[in-house]
Amino acid sequence: MPFSIPIPQPGHRLPVANWHGSGDALALANLAQRHHPLFILCAQGSDARRLQEEMHWFAPTLNIRFLPDWETLPYDQFSPHQDLVSERLSSLYLLATEQCDVIIVPVSSALGRLPPREWLTAHSFLLHRGQKLDVNQLREQLIDAGYQATSQVALPGEYCVRGGIIDLYPMGSPLPYRIDLFDDTIDTLRTFDVDNQRSIYPVDEIRLLPAHEFPLDENGIARFRQHFRDHFDGDPSRKQPYRDISNGLAPAGIEYYLPLFFEHTADIFDYLPQHALVCLQGEMDDAAQHFWRDTLNRYRLLQYDK
């Protein structure tokens, strides 16, 4: 077949010719149908998105996931959009639990530090129809997971409790859910439209992922405070990030402090199964060096900005 890639033996590299147009997507889709999971590392984010869309067209039965970067500059004092965080958490969870066939990652995402795999899987839980549910306990779990209480749910990571009705927008979900309780039991689970608040279709269960890539529970806050004091000089109570996290808030740009929330962090390869097949698309070294130069330039620019 003209667009077929042989499956290499473990530990071996197999160079392939460059294809024109969508030829690479067709060849990779063909390969993913014969061997998965497939880990595709792209030099450019635009190529990564293109491959996701085109591979899905060629092989619609494959579960193809994308790990976007935050789309913020290093050390920016504003946070990535919730939709990006939601997509990242969903992709990482499916990769960690071996539920995706293809994961496509740009170099800018692969070079960032990630939460430990075991933390992400341990802090995800299911709600299903007929389950006994303590509303106060669920509220505490959502707060610990970083969810924000609102009067009306509109974005991933938000929830609203109104008597026996709980509206919840889980991270990684394309739609929010409405939980109807009968006494202390989940009677129905339904998706709904955020614009008109009308129900769309019922579901049997929903999975809740953390609202952030870092913990905002008591242990996570304690680790952050300790590590912050260890790494930064001066009175920590005068630093805005320290004060906000101490109060259980997630200030803008806190994502770049992610390593302070954990004893150790992970990289994308910690999430890959041992039998994953790695594919490289584009000039990896040039893209990585470009990212590192940009990061150093931002550091030099902002290191004296109090």
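Predicted model: local features only at pLDDT ≥ 70, side-chain atom pairs only at ≥ 80, totals over all residues.
Student: Where do I start with the sheets? What is the strand order in the open sheet of four strands?

Tutor: Read across the sheet, neighbour by neighbour. Here the order is β2-β3-β1-β12, and the pairing is parallel.

Student: Which strands stand at the edges, and why does that leave one side of each without a neighbour?

Tutor: The edge strands are β2 (64–66) and β12 (277–281). Each has a single partner strand, so one side of each lacks a neighbour in the sheet. On average, neighbouring strands in this sheet are turned by 20 degrees against each other, direction ignored.

Student: How many bridges join β1 to β3?

Tutor: Five, between β1 (residues 38–42) and β3 (residues 102–106), and these strands run parallel.

Student: Now the open sheet of six strands. Is its pairing parallel, antiparallel or mixed?

Tutor: Mixed, with the order β5-β6-β7-β8-β9-β10. At the edges are β5 (148–149) and β10 (199–202). Again, each has a single partner strand, so one side of each is left open in the sheet, without a neighbour.

Student: How do β8 and β9 run, parallel or antiparallel?

Tutor: Antiparallel. Six bridges join β8 (residues 177–182) to β9 (residues 185–192). Look for F182, which stands opposite T185 in β9.

Student: Which strands does helix α6 lie across?

Tutor: Helix α6 (residues 135–144) lies across β6 (158–162), β7 (165–169) and β8. Against β6, α6 runs at about 160 degrees.

Student: Last topic: charge pairs. How many salt bridges does a search of the whole structure find?

Tutor: First, the general idea. Side chains of opposite charge can pair when their charged atoms come close. In this structure the search finds eleven salt bridges. One of them joins the side chains of R49 and E87, at 2.9 Å, N to O.

Student: Why does the pair of R49 and E87 tie together parts apart in sequence?

Tutor: R49 lies in helix α2 and E87 in helix α3 (residues 82–96), so the pair links parts 38 residues apart in sequence.

How values were computed. Residues numbered from 1 in each chain as written. Heavy atoms only, no water. Pairing = 2+ DSSP bridges. Helix = DSSP H or I, 4+ residues; strand = E, 2+ residues; numbered from the N terminus. Axes fitted to C-alpha atoms, helices over the stretch in contact; angles between N-to-C directions. Contact = heavy atoms within 4.5 Å. Salt bridge = Lys/Arg side-chain N within 4 Å of Asp/Glu carboxyl O.
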